[in-house]
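Student: Hi! I've got a structure to go through and I'm new to this. Can we look at it together?
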Amino acid sequence: MDFQIPEHVKKIARRVREFVDSEVVPVELELLKSGEELTVERLQELRAKAKAAGLWAPTMPKELGGMGLSLQEIVPIFEEAGRSMIGPLAIHASAPDEGNMHLLHMFANEEQRERYLAPLVRGEIFSAFSMTEPPPGAGSDPKMLRTTAVRDGDEWVINGHKWFSSNGEVASFLIIMALTNPDVHPYQGATMFLAPIDAPGIEIVRDVPTMGGKDFGGHVEIRYNNLRLPDSAILGEEGQGFMLAQARLGPARLTHCMRWTGIAQRALEIATAYASRRKAFGSRLSEHQSIQWMLADSEMELHAGRLMMHHAAWLLAQGEQARDETSMCKFFIAETVNRVLDRAVQICGGMGISRDLPISVWYEKARAFRIYDGASEVHRSRVAKSVVKKYAAIDVPVETE
Ligand SMILES: Cc1cc2nc3c(=O)[nH]c(=O)nc-3n(C[C@H](O)[C@H](O)[C@H](O)COP(=O)(O)OP(=O)(O)OC[C@H]3O[C@@H](n4cnc5c(N)ncnc54)[C@H](O)[C@@H]3O)c2cc1C
């Protein structure tokens, strides 16, 4: 087992760290102070600098303008970018565009690559992934999909109601999951469609207000009212929707983990700095054992999470689906990040609660990470099923009656 991170990866990670420290964090802190939102114009300024520094679209192939890095290689790089919420946006490694680029790169045909993927990789446009529906539709259980696409001549007519389509406020196109064949199991009866945002029949109802304040691009609620799309709008093939979703979600779960590990690491550093300077009851906070344990627990949990990410990324690189491992990773890191941020707020006391430090914002924003890309309970139950399957039949002498 080789734990060595290749030199070229370390080098890029260092450059990303320097870029985030020198270009991104000042913007982040300025926005935090003013309470303003990141605008597209401001983001494009940062993106121009990232491109000039050769730090652009790490996961996309070089011929498309990216850095051509593998999932294993990006683990430390995405973590460095993730030290600021704006870092991944600046280097084009943020959700949902990063996952959508990956999906299109795997499954888009020539025409779709030209129309959607190429300008998306260049950073000229944004995208959104429209799968989740308000109750009683698809959420944790995606089989409950209610949005339908019905064939009418050589067109599809889409009707449905979605929400939490992230980036929907800025997206030029949507990737829509709809049921195309209600007579078979949804895993075979759903299809993904690509639709330009200004197509007649797409009604952006609102940006759903969320805790932690507005995220760039918003999380929009959408109604599809007789949206008509041609056959050529299908991504992959009819009936492949869930297969494509799985192909997108595996790596996308890991990249979320990488980015959030960056934020948690920075929160741990801020908390350590505070604890090392602030005095209470005659000594520095960092000399109180209860504070030391919080710092140590955060360090240990982040370390374990990184190893899980490296392992899951390695399995995916071997062509395995690694469903259990990505579930374990997503669950563990989502919970860890929330614990680390909670401890950081606690250690920093009133300053941790204030907006003078960024950790109070991260604390609020990180809460959603335990819900999106599979709620913690869903990942736990998937792992539990595997545990029972693997170990229940083992011949252990236990009395049950
Ligand atoms: C910030 C944010 C961004 C998002 N971005 C997108 C996006 O870009 N595109 C998109 O399509 N969706 C997006 N989502 C939606 C997200 O994927 C869903 O919120 C998630 O899948 C959960 O679905 P739900 O909200 O309907 O919760 P529900 O399905 O109603 O579940 C509610 C709760 O029930 C519990 N639960 C569910 N299943 C089980 C189980 N089997 N066992 C035990 N407990 C269970 C969990 O605690 C869960 O949190 C986003 C959500 C958020 C918060």
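Student: Which residue in β7 does I158 stand opposite?
Tutor: I158 stands opposite L227. Keep in mind that this model is predicted.

Student: Okay, and how do strands β3 and β7 run, parallel or antiparallel?
Tutor: Antiparallel: β3, residues 155–166, is joined to β7, residues 219–230, by nine bridges.

Student: What about β6 and β7, how many bridges there?
Tutor: Five bridges, and this pair is antiparallel too, with β6 covering residues 202–207. Within that topic, D207 has V220 in β7 as its bridge partner.

Student: Switching to the ligand: which residues come nearest?
Tutor: There are 14 residues around the ligand, and F129, T132, S140, F164 and S166 come nearest.

Student: What does the side chain of S140 do there?
Tutor: One of its polar atoms lies 2.8 Å from an oxygen atom of the ligand. The side chain of E377 also has an N or O atom 2.8 Å from a ligand oxygen. For M131 it is a polar backbone atom, 3.0 Å from an oxygen of the ligand.

Student: How much of the ligand does the protein bury?
Tutor: The protein buries 64% of the 970 Å² that the ligand exposes when taken alone.

Student: And which elements give two or more residues to the shell?
Tutor: Those are β3 and α12, the latter spanning 376–391. By domain, at least three residues come from each of domain 2 (126–235) and domain 3 (243–390).

Student: Last one: what classes of residue are in that shell?
Tutor: Eight are nonpolar, five are polar and one is charged.

Terms used. Residues are numbered from 1 along each chain as its sequence is written. This is a predicted model: local features need pLDDT of at least 70, side-chain atom pairs count only at pLDDT 80 or more; totals for chains, interfaces and linings use all residues. Side-chain values use heavy atoms; hydrogens and water are left out. Two strands pair if DSSP finds at least two bridges between them. Helices (H or I, at least four residues) and strands (E, at least two) are DSSP runs, numbered from the N terminus. A residue is near a molecule or strand if one of its heavy atoms lies within 4 Å of it. A polar contact is a pair of N or O atoms within 3.5 Å; within protein, one must be able to donate a hydrogen and the other to accept it, and residues adjacent in sequence count only if both atoms are side-chain atoms. Accessible areas come from the Shrake-Rupley method with a 1.4 Å probe; for residues, only the protein chains shown count as cover. Ala, Val, Leu, Ile, Met, Phe, Trp, Tyr, Cys and Pro count as nonpolar, Asp, Glu, Lys and Arg as charged, and the others, Gly among them, as polar. Domain bounds come from an automatic or database domain assignment.
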